Structures are given as structure tokens and as C-alpha cells.
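Here are my notes for your first look at this protein. Keep the picture open while you read them.

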Amino acid sequence: MQITNVKVRNFRSLLDVEFNMQDYSLLVGANNSGKTNVIDAIRVFYEKPKFNTQTDPAAGAPLDSDSWVEIEYELTHNEYESLKAEYRLQNRRLRVRKRLTGKSKGIFAYKRDGTLADEQFYGTKNVQQGKLGHIIHIPAVSTLTEHMKTSGPSALRDIINDIVRKLVKSSPAFSDMIAEFEQQMEAFKNEETDDSLSLRGLQDDINAQISEWDTELRLNINPFSETEIVKNLVSFDFQDHQLSDTLPSSNYGQGFQRHLIYTLLTLVSKYSPPYAVSKKKDFRPDLTLILFEEPEAFLHPPQQDVLCQSLRLLSAQDGNQILISTHSSNFVSQNTEDLCALIHLRRRRGETKVSQLTASDLQKIFHDNQLINSLLNVPAGDENWDLDMEAVKYFLWLDPNRCGLFFAEHVLLVEGPTEVVFINYLLSKGLIPSPKGGIFVLDCMGKYNMHRFMNLLGELGIDHSVLRDEDDLAIQTHQVLARLVSDSANSHTRLVKTVAPDLEQYLGVPKAKKPYQKPQHLLYQYNQGAIDPAKRNSFIKLISRLLK
């Protein structure tokens, strides 16, 4: 079973949101955009934790008085056949809604006629019984101790408990140990202390006093149970191979601890299945949904890449599905081969808005991108006419640096690295006021690609402005490109401005000797005081308008 679609109504900042889920999906967006609320809405659906009537209902202006979370699943053939016939939707789908408020709270499935059933889906304990799979939640902030204690509930204890429980039933070593224990304890009860005291003697003295009651006391030393093995006898330490010494977990950095937490929680689904496999034709779907908040926390970029690859491999296994919330451009860059897996969130006036590409949206973007081929008379048969080439371009261009655009409130598209370097330099000096939520200056690698990024940002709901060179409009190619940028403006394009004829001449700076020297050359000229303050201020004013 896999989740295909999620809808949330009136839960915190999620007044009315909907998104699709892949095997591996990523929630991205600026801080406070609502990523944690999405994760918590799914957790509340699975009752971990329960809905809080004081803090969880939508604030502000809810659409109505109802709060609910709705999830659609795609079932395997066997799961579909074992599902009650009245709940079997087309294309092996199951759709259920959890009502969080009102008189009829609980989980209700949709019937074939499109209406919700009157009775709860498989009763009131449907989630606990594994009727909808189960979740593993890894929060953004948690301690290693929480997940490795053996004296109370933890991921490590759950795994060890399940292994020990199975071993106790079939282990010859455990059976021999218990038999030996009982034999030795009988001998132990007869042994005496230096002052001639023994457990057997205590037993005999008590029995001598109660013999008239025709009753006998027997003192037993019980063998340890499976629970006591885990709680009292199991311990662990870490052997550092470089130091050749054992160390407590507190001696290790947060990166190691966080990776170990992830490892433990993912192993729970392997070693401790959420339900026993029934021989009956019972509806018990196979789904482990991992909700991982900020997996990049405390990991440097190479370690982030390794964890991202591990998550992708884990999500590809049958029965597994992963949803992460992230602020890491590394994680996003690792997944740009599937742009539909990105779920972009933004908050406006306290309400979270969700934008996501569907397969048809992506094909439309690719088609619109190729308009440039017609305008520039690219010959038929050229590989640039292949729609798959557009996918390759995005995958190559959306590297870890450019993927920072997914976390900014506003993106400024510029032609190349010279503009990026100079604008960021002015921002760092405080000469250009940064808008609330931050700004990302995006190098489009020339005017030929500006429309491609405008099309992508528009569909993902990311506000952006454009700064381009005016160039010589007497040249037909420049006219074509200027018109293409203008025609590509969408509802999230705030402003398009030009510098004439290019940035260097606009600022009155002589040309660099080599094209690759342009960024350093411009900064050098600026630091040498070679740029007229009036022209600098004019440029600052222009950028400030683009960022408003």
C-alpha cells in the first residue's frame, strides 16, 4: 500500500491544502511556511499524537467548522481483494477521512458512490490494528537517550524485545540456561552464611510455625523473564576503533547521534512488525510511512548526501514510503530528477499554500521551454527538441547552490555570476535592504534560460523578479529573447527590469579582459572606488524595487 494523495482542512495554518506523495517526497519552503504542520497533520491522522482541540484547529479564518485529514491509498492486488467490497474504489484506490471535530469523529472510508460511509472504517481501533499501515516519526529535535533506553519505551528496546521474545520460545541455549539456573538455585538455597543462616533454613523455620495449618511455604528464586532480560540485563557501549576504548554516547557529536537515531527507527519496521501476519483473508496492508523532520540536522554536506541516498534506497523497498521536511539544498538537489516529488509551501497572511508539479504540469513546462527552439529556428531533429532534454537541463542546473531558491521568499533571476556576486556583495554590506524571509539571487546562465526558470518558479508558487541586460535590440536574437522573457511572466513574476546595455556599462566599468574574469573585475573596480556613487545608488535603487 502507498499513499497517493493527502488533503487537510482547518488544521493550524492548513486551511485547505492538498498534495500528492511519491515513494520519497520532500516538503520545502521558507521558515515558518507550515512544513511541521503538514507532518503533524499526518501524525494526528495516525493518532500520534491525538488532535488537541485547544491548539490544533485552524487559527484566523477557517473555511468552516470542520477539521479533517483525508488520505488516499493505492493498494496492491491482494490488499484490494481483501478490502471490504463497498470501499473498493477504481484503480485499486482506498480513500479515508479522519474527522477531527464534530459529533462524528473518527475515520470513515469513501464508498463507491463517492459518499462517506456512516460507520467507522473497520471500527474505532482501525489505526491501531494496522488497517492503514503505521508511521515512524523522527522529529527535528530528539536525544539519543530517548531512543536507546532499555528501562522504558524506546526504539532500541522495541527491537531487542521482539528478538528476545522470539528467541525465548525456540532457543536451546536459553532453555539450557534456565534449567541450569533452577538447579543451581536449589543448591544456593541450601548454602549457609558464616553465621549458619540459609534460605532453606528460613523456609523450614516458617513452616515449623505454620504446620498446624496444614500449609507449607516454598521460597522460590525465579529465573529471569524476557522482559527482565531487556530491562535489567541488557546494556550497551560504543567502541571507538581509533581510540581503542569504550565511550558513552555523549562523547559523540550530534551528527553521529542523529544518524544512529535514524538507523534505529528504520530498523524497527524490520525487526518489530506492527502486527502479526494473519492466515485469514484479512485487510492488513503493508505500509511503513517514515516522517523525517530536517534529516540534514548536524550533518555536513557529504554526510547529507549519504543519508539522502540511504533514504531513497529505503523508500524504493516494497511497503516503505518517506516524507521529509528539509531546509537543505543538498537534499533537494539530490532529488531534482523527480521534480514532482517536491512539495513547496509558503505562508501568506497566516495561511499555508501548497504548490506541486504533476506529470502533466511538468510536460507543459518542458513544452513551453521549447518555444525558444522555434524562435531561434533550431533545426528539426536537434536533440534540444527532445522533451527529455529539458528534464536533463533542470537536473544539471539545479545543483546544491541553485536549490537555495526553494527556501527563499523571493528569487531574483539574473543572467550570470557577475550580477550574483555584485548584488550579494551589496546585500552583505547592508546597502540593499533584504526583504522579509530572505532573497536568493539566481544565476540563469545567460538570457537563453531565463524563461525556463520563470516557468518552473511560477508553477511552484515562488515569487520572483527578473533583471536582464537590455542588449542591442537591433539584433533579432536579442529581440526574440526579450519578448520571450516578457511573455513568460506569470502570476508569481513581480517585476522585470533591464540594465542598458549591460551591467558593466550601466555602472561605467571597463570590460574585463576575459569573460571568466568579469565577477572579480567588477568587485575590484568597486573596491577601488572606480564606480560613480550616483551610478551605484541608481543600481541599488533598481534592485530594491525588484525585491519589494
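How many of the residues of strand β10 are buried? The points below start there.

1. **Ground rules.** This is a predicted model: local features need pLDDT of at least 70, side-chain atom pairs count only at pLDDT 80 or more, and totals for chains, interfaces and linings use all residues. Residues are numbered from 1 along each chain as its sequence is written, and side-chain values use heavy atoms, with hydrogens and water left out.

2. **Strand β10.** Strand β10 covers residues 288-293. The reply to the opening question is 6 of its 6 residues, so β10 counts as mostly covered. Buried means under 20% relative accessible area; exposed means over 50%, and partly exposed lies in between (1.4 Å probe, protein chains only). Strands here are DSSP runs of E with at least two residues, helices are runs of H or I with at least four, and both are numbered from the N terminus.

3. **Two faces of β10.** In a regular strand, side chains alternate between the two faces of the sheet. Look for this in β10. Thr 288, Ile 290 and Phe 292 point one way. Leu 289, Leu 291 and Glu 293 point the other way. All are buried.

4. **Strand β11.** Strand β11 (residues 320-325) is also mostly covered, with 6 of its 6 residues buried. Asn 320, Ile 322 and Ile 324 point one way from β11. Gln 321, Leu 323 and Ser 325 point the other way.

5. **Neighbours in the sheet.** Two strands pair if DSSP finds at least two bridges between them. β10 and β11 pair in the parallel sense over 6 bridges. Ile 290 has Ile 322 of β11 as its bridge partner, and Glu 293 stands opposite Ser 325 in β11. The chain gets from β10 to β11 through helix α9 (residues 301-315), and this β-α-β crossover is right-handed. That term means that, with the strands pointing away from the viewer, the path from the first strand over the helix to the second runs clockwise.

6. **More partners.** Strand β7 (residues 134-138) pairs with β10 in the parallel sense over 5 bridges. There, His 137 has Leu 291 as its bridge partner. Strand β3 (residues 24-29) pairs with β11, again in the parallel sense, over 4 bridges. Tyr 24 has Ile 322 of β11 as its bridge partner.

7. **The nonpolar cores.** A nonpolar core is a set of buried Ala, Val, Leu, Ile, Met, Phe, Trp, Tyr and Cys residues joined through side-chain atoms within 4.5 Å. The largest one has 65 residues. Leu 311, Leu 398, Leu 405, Phe 406 and Leu 413 touch the most other members. Helix α8 (residues 254-271) gives the largest share, 6 residues. Another core of 42 residues lies apart from it, including Val 8, Val 44, Ala 109 and Phe 283.

8. **Arg 9.** Is Arg 9 buried or exposed? Arg 9 is buried, at a relative accessible area of 16%. Arg 9 belongs to strand β1 (residues 2-11). Contact means heavy atoms within 4.5 Å. Beyond its neighbours within four places in sequence, Arg 9 is in contact with residues including Leu 14, Asp 16, Asp 64 and Trp 68. Arg 9 and Val 69 are 60 residues apart in sequence but 6.4 Å apart in space, C-alpha to C-alpha.

9. **Aromatic rings.** The whole structure holds 17 aromatic pairs. Rings of Phe, Tyr and Trp (its six-membered ring) pair if their centres lie within 6.5 Å; planes under 30 degrees apart count as stacked, over 60 as edge-to-face and the rest as tilted. Phe 45 and Tyr 46 are an edge-to-face pair, at 5.2 Å centre to centre and 65° between the planes. Phe 45 is buried at 0% relative accessible area, and Tyr 46 is buried at 2%. Elsewhere, Phe 422, Tyr 425, Tyr 506, Tyr 526 and Phe 539 form one aromatic cluster.

10. **Charges over rings.** A charge sits over a ring if NZ of Lys or CZ of Arg is within 6 Å of the ring centre and within 35 degrees of the ring normal. The charged end of Arg 99 sits over the ring of Phe 108, 4.6 Å from its centre. Lys 131 lies over the face of Tyr 122, at 4.6 Å from the ring centre.
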